[in-house]
Amino acid sequence: MSKFRSHFWFVVPAVLLMIVILIVPIFVAGIFSFTDYNLGSPDFRWIGWKNYEALTKYSSYKKMFSASLTYVVIVVPFSVLLGLGAALLISSLRFGGEIYKTVFFLPVMATLLAMAIAWEFTLDPIVGLVNKLLSEGCNTNWFYQLITGSWLGFNPAENWYGNACADRMPNWLGNKKYALGAISFIGVWQAFGFNMVLYLAGLTSIPRDLYKAAEMDGAKSSWERFKLVTWPMLGPTHVFVITITSFQVFDTVEALTRGGPSKSTYMMVYAMFEKGVKQNLVGIGSSLTIIFLVFVLVLTLTQVYFVNRRVHYS
């Protein structure tokens, strides 16, 4: 009995902390999601499912779900593949590997808000470095042909870059055609360095004997060794990096687009902040929070079912 009590007292603080920090706020948000409560108001009314019905009725929320899903579909696979590729290349280097690790990991160490402001200047349609390079490329014949596709028979006049070369450079953050792509590119740039470090740690944990055994069994090429040894042994790392953290994008959107233009970058976390904090609509903000948690829970369970079951931990 004394042993049970000692174990119990070790566990209780962590359980209480989890209840206070995680469970209670979710429970409170769930209650507020069925009300029209505003912060500072002395009372509120129960309105049932009206907040949730609004999420399916208004086009701005439909754009929110679409933008959030599109962002994740772009950022997660590209950041994972680039992180794995960078880790494989760096691990194969004999000299200079530490320099590349530092360079690729800089976006992770830097403040996201500061980096977002730097990208704002870089993507500026008038003085930005990206458009400056594109405009300089217009004067290079082979570069112009490569980008416009004229070497394949396409009409440059119908191509966005052909129009850009006519002094109409893209407004990357102010045009709804390009804004979500620009935000997603910044997301990949921020995430792949972190994934690279995780994959480097995973690569160092793979026993070298497995590669020798695979080679003795007929895996002569690098691709065969990667497919038979490296990829399966990185299973735990895959589970860790293929997460839903991309749904939590906020700093970049708040600093660069504020959900615009035309709600093209209206992400879920930013929508929670806008409704619950800026507009003081605690009820609708709470309903967005509950939907976000359900969304994350479903994706997490899906990941556990399809990914975790195929992972072998050594």
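Let's start at S91, which sits in helix α3, residues 59–91. Helices here are DSSP runs of H or I, at least four residues, and strands are runs of E, at least two, both numbered from the N terminus. This is a predicted model, so local features need pLDDT of at least 70, side-chain atom pairs count only at pLDDT 80 or more, and totals for chains, interfaces and linings use all residues. Residues are numbered from 1 along each chain as its sequence is written, and side-chain values use heavy atoms, with hydrogens and water left out.

Back to S91. Its relative accessible area is 43%, so S91 is partly exposed. The cut-offs: buried is under 20% relative accessible area, exposed is over 50%, and partly exposed is in between, with a 1.4 Å probe and protein chains only. Which residues does S91 contact, leaving aside neighbours within four places in sequence? They are L200 and L203. Contact means heavy atoms within 4.5 Å. S91 and L203 are 112 residues apart in sequence, yet 8.0 Å apart in space, C-alpha to C-alpha.

Now the whole chain. It has 15 helices and 0 strands. Of its 314 residues, 36% count as buried. Take the contacts with a separation of 6 or more: residues 24 or more positions apart account for 64% of them.

Next, a helix pair. Two packed helices are described by the angle between their axes and the distance between the axes. Here the pair is α5, residues 112–122, and α9, residues 179–204. Their axes come within 12 Å and cross at roughly 135°. That makes α5 oblique to α9. On method, axes are lines fitted to C-alpha atoms, for helices over the stretch in contact, and angles run from 0 to 180 degrees between N-to-C directions. Under 35 degrees is roughly parallel, over 145 roughly antiparallel, 65 to 115 roughly perpendicular, and the rest oblique. The crossing of α5 and α9 is right-handed. In that convention the near helix is turned clockwise from the far one by less than a right angle; anticlockwise is left-handed.

What meets what between α5 and α9? L112, M115 and W119 in α5 meet F185, I186, W189 and Q190 in α9. By class, this contact has 6 nonpolar, 1 polar and no charged residues. Nonpolar covers Ala, Val, Leu, Ile, Met, Phe, Trp, Tyr, Cys and Pro; charged covers Asp, Glu, Lys and Arg; the others, Gly among them, are polar.

On to charges. Side chains of opposite charge can pair when their charged atoms come close. A salt bridge needs a side-chain nitrogen of Lys or Arg within 4 Å of a carboxyl oxygen of Asp or Glu. How many salt bridges does that rule give? The count is 3.

D36 pairs with R45, closest N and O atoms 3.1 Å apart. D36 is partly exposed at 28%, while R45 is exposed at 53%.

K278 pairs with E254 at 3.8 Å. This pair links distant parts of the chain: K278 is in α14, E254 in α13, 24 residues apart. K278 is partly exposed at 45%.

E274 pairs with K263 at 4.0 Å. Again the pair links distant parts: E274 in α14, K263 in the loop between α13 and α14, 11 residues apart. E274 is buried at 11%; K263 is partly exposed at 28%.

Last stop, T257. T257 is in the loop between α13 (251–256) and α14 (268–278). Is T257 buried or exposed? Buried, because its relative accessible area is 11%. Beyond residues up to four places away in sequence, T257 touches L173, I183, T252 and T265.
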